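Please report on the pockets of this model and on the surroundings of its ligand.

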Amino acid sequence: MIHNEVLDCIRARRSTRQFQERQIEAEHLDAILEAATWAPSGGNCQSWLFTAIQNKDILTKINDLIREGLQRWTPDDDYPSKLKAKANAQKKDHHFFYHAPTLIIASNRPHYQNAMADCALALENIFLAAHSLGLGSCYINQLYWLRNDPEVRNYLFELGILKEHAICSSAAVGYIGKESSAPLRKDGTIRIIK
Ligand SMILES: Cc1cc2nc3c(=O)[nH]c(=O)nc-3n(C[C@H](O)[C@H](O)[C@H](O)COP(=O)(O)O)c2cc1C
């Protein structure tokens, strides 16, 4: 197995689901957001928008909107995480981004086929950059599921995210409260044809 800083960072990054309360340093946030903008993008569009939120009241409001939105929402399939999120939405104290002090929402311009692909690549840059700085992070999908929820969109609009924008995903970032263990890698997912 080859070891170097990048490969070891890729292997060691985990999804954090318990964060410390303290905020991340401003220069770390800048570095993570800059890393996002260095991701590849279809046709070099760079049409993404990364909205980082560190205000406690706004984060609480977003969590409330997610909880209320999920109660109204009907999943379009029986994907277990969606069913679990619906059940969690019944719990008043459930926090969908684990009380992370920073949430970065990735959105993209409307009617752009590569919107999700570009933002997903940028998010992985965010996760790896965060890990390299000693921070934890987690992909948070609920805002994507609720991308057409009028109440969620009205509030995101107040935060400067245009209603036509495609909400792709979000990243919770903060100091790790509890380490996550590494899931085993599944066999049979790689083929090499020579
Ligand atoms: C498309 C996508 C959506 C995800 N959504 C969530 C989510 O909403 N909440 C969450 O806690 N983790 C979410 N995750 C994180 C996965 O659960 C996690 O990556 C997986 O369990 C493997 O663990 P690891 O990231 O620690 O290797 C998501 C990951 C991806 C790629």
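The report below covers the pockets and then the ligand.

## Largest pocket

This is a predicted model. Its largest pocket has a volume of about 510 Å³. The lining counts 16 residues, and Arg17, Ser81, Tyr98, Tyr139 and Gln142 are the closest to the pocket centre.

Three elements each supply at least two lining residues: helix H4 (80–88), strand S3 (136–140) and helix H6 (142–145). H4 gives the largest share, 4 residues. By class, the lining has 8 nonpolar, 6 polar and 2 charged residues.

## Ligand site

The ligand takes up the space of the largest pocket. Around the ligand are Arg13, Arg14, Ser15, Arg17, Tyr98, Cys138, Tyr139, Ile140, Asn141, Gln142 and Pro183. S3 contributes the most to this shell, with 3 residues. The shell has 5 nonpolar, 3 polar and 3 charged residues.

## Polar contacts and cover

For Arg14, a polar side-chain atom is 2.8 Å from a ligand oxygen. Tyr139 uses its backbone: an N or O atom there lies 3.3 Å from a ligand nitrogen. On its own, the ligand has 620 Å² of accessible area, and the protein covers 64% of that.

## Second largest pocket

The second largest pocket has a volume of about 230 Å³. It is lined by 13 residues. Nearest its centre lie Lys56, Leu59, His95, His99 and Ala100. The lining has 4 nonpolar, 6 polar and 3 charged residues.

Conventions:
Residues are numbered from 1 along each chain as its sequence is written. This is a predicted model: local features need pLDDT of at least 70, side-chain atom pairs count only at pLDDT 80 or more; totals for chains, interfaces and linings use all residues. Side-chain values use heavy atoms; hydrogens and water are left out. On a 1 Å grid over the protein atoms alone, a cavity is a set of points where a 1.4 Å probe fits but cannot get out, and a pocket is an open set with protein on both sides within 12 Å along at least five of seven lines; lining residues have an atom within 4 Å of a point. Grid points are joined across faces, edges and corners, and a volume is the space filled by probe spheres set on the points. Ala, Val, Leu, Ile, Met, Phe, Trp, Tyr, Cys and Pro count as nonpolar, Asp, Glu, Lys and Arg as charged, and the others, Gly among them, as polar. A residue is near a molecule or strand if one of its heavy atoms lies within 4 Å of it. A polar contact is a pair of N or O atoms within 3.5 Å; within protein, one must be able to donate a hydrogen and the other to accept it, and residues adjacent in sequence count only if both atoms are side-chain atoms. Accessible areas come from the Shrake-Rupley method with a 1.4 Å probe; for residues, only the protein chains shown count as cover. A molecule sits in a cavity or pocket if more than half of its atoms lie within 2 Å of its grid points.
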